[in-house]
Amino acid sequence: MVDHVKLVVQVKLLPTPAQASALEATLRNCNRAATYASHVAFTKKLKDRNGLQKAVYADLKALFGLSAQPAVRAVKKVVDAYATLKANLQAGNLGSPTSKRHRTAVGNPIGFRPEAAQPFDDRCLSWQYDARTVSIWTVAGRMKDVRFACSPDQLKTLVQYRKGESDLVRRGGTWFLIATCDIPEPEPYQPADWIGVDRGIVNLATTSDGTNHQGRRLGRYRRWQARKRAELQAKQTRSATRRLARRARKEKRHATQVNHRISKKIVSVAQRTGRGIAIEELGGIRERVRLRRDQRGTLSSWPFHQLGQHLAYKARKAGVPFLEVDAAHTSQRCPRCGHTERANRPTRDHFRCRRCGLAGPADVVAGVNVRNRARSVWAFVTMPVPAPAE
Ligand SMILES: [Zn+2]
């Protein structure tokens, strides 16, 4: 059985002014229709799809100009929203039943923003890839030749794998279609060997090959951000709080970009050399990394976890085997003689075996240990199971 991985491709629409106003009217009507259906669902206690559809279908078509599929989608959107709300209430995400938030959520119908995303299926939206246009249902009738822009890579993915519904959204005055693509995942190959990856503070990732993927620029950037943040926090005005939130978002975006870039590089090396990728289980990092006082705040926000996720995801997509191995002593163990002692690592950056004298950069040694652990785990996993004795 072939597994699939879902991927979204976001393309920018380039509507003419007339097309844009039809899109706007469509999105607004769809969401007004959903809000209307939500009121009916709330007052008549109709939270199932069939019951609600029976109650509002004719109205959605007559009052809001929806055709069949958008009307059905509006109903589904409402039913899904109430199901999500119910799950959130049960999980206690909206506080205790006596809290104001909880009571407000229970006591009022759910509303939909005028510009909330609207899904379109193949009956209401068709793609002309060669012409880079779509034809889309609107409240002003079927609209043809709406141009869209995308990269050659995105176009290739759309042509090969687009499947099911796409969401129409407007963000900051720009129209987008967000298409879902269903990409078959290649079967992972038999790895010839492993690349062990050590995640750290200064070098975000170091491989057993000795390649450093620097976090230095990122580290400097984050320290600068922290300083700015402290200044803003000291001010404690509303605008300072807003700027702080903006900064936090920017910082996160930057870290995501760095992780994206590093994981892409490591996966492509693995693929080219027919190897798998191994990383330490995350728990180990917290125990292992010794931090100076000024770094204490860093670890919780440091994107180790995200780097692991990016690696795992990209490896899966490329058919590269991926393993997480036990992290115990990966920084203290000598990969040559096996001697394990804290004193093997006199400083954060250096490793020197107290027994055999093997010395090197601590993160490379850790990467090698991760690789060796992957080798033995893999040998165990793939060892043929002996037939039971007669
Ligand atoms: Zn040794």
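Let's start with Asn-369: setting aside its neighbours within four places in sequence, this residue is in contact with His-329, Thr-330, Arg-333, Cys-334 and Pro-335. Keep in mind that the model is a predicted one.

- Asn-369 is part of helix H11, which covers residues 362-381.
- Is Asn-369 buried or exposed? Its relative accessible area is 2%, so Asn-369 counts as buried, the cut-off for that being under 20%.

**The nonpolar cores**
- How many residues make up the largest nonpolar core? There are 53 of them, and the ones with the most contacts inside this core are Leu-13, Leu-52, Leu-60, Leu-66 and Trp-127.
- The top contributor to this core is helix H1 (residues 17-43), which supplies ten residues.
- As background, nonpolar side chains tend to be buried together in soluble globular proteins.

**A look at Trp-127**
- Which residues does Trp-127 touch, leaving aside its neighbours within four places in sequence? Its contacts are Val-11, Thr-133, Val-134, Phe-148, Leu-158, Arg-162, Ser-166, Leu-177 and Ala-179.

**Helix H1 against helix H3**
- Helix H3 runs over residues 68-90, and its axis comes within 9 Å of the H1 axis, with the two crossing at roughly 55 degrees.
- That angle is why H1 counts as oblique to H3.
- The crossing of H1 past H3 is right-handed.
- On the H1 side, the residues that meet H3 are Cys-30, Asn-31, Ala-34, Ala-37, Ser-38, Ala-41 and Phe-42. Their partners in H3 are Pro-70, Ala-74, Lys-77, Val-78 and Tyr-82.
- Sorted by class, this H1 and H3 contact has nine nonpolar residues, two polar and one charged.

**Helix H1 against helix H2**
- Helix H2 (residues 49-64) packs with H1 at an angle of about 145 degrees, and the two axes are 10 Å apart.
- Here too, H1 makes a right-handed crossing, this time past H2.
- H1 brings Asn-29, Arg-32, Ala-33, Tyr-36, Ala-37, Val-40 and Ala-41 to this contact. From H2 come Leu-52, Ala-55, Val-56, Asp-59, Leu-60, Leu-63 and Phe-64.

How values were computed
Residues are numbered from 1 along each chain as its sequence is written. This is a predicted model: local features need pLDDT of at least 70, side-chain atom pairs count only at pLDDT 80 or more; totals for chains, interfaces and linings use all residues. Side-chain values use heavy atoms; hydrogens and water are left out. A nonpolar core is a set of buried Ala, Val, Leu, Ile, Met, Phe, Trp, Tyr and Cys residues joined through side-chain atoms within 4.5 Å. Buried means under 20% relative accessible area, exposed over 50%, partly exposed in between (1.4 Å probe, protein chains only). Helices (H or I, at least four residues) and strands (E, at least two) are DSSP runs, numbered from the N terminus. Contact means heavy atoms within 4.5 Å. Axes are lines fitted to C-alpha atoms, for helices over the stretch in contact, and angles run from 0 to 180 degrees between N-to-C directions. Angles under 35 degrees count as roughly parallel, over 145 as roughly antiparallel, 65 to 115 as roughly perpendicular and the rest as oblique. A crossing is left-handed if the near helix is turned anticlockwise from the far one by less than a right angle, and right-handed if clockwise. Ala, Val, Leu, Ile, Met, Phe, Trp, Tyr, Cys and Pro count as nonpolar, Asp, Glu, Lys and Arg as charged, and the others, Gly among them, as polar.
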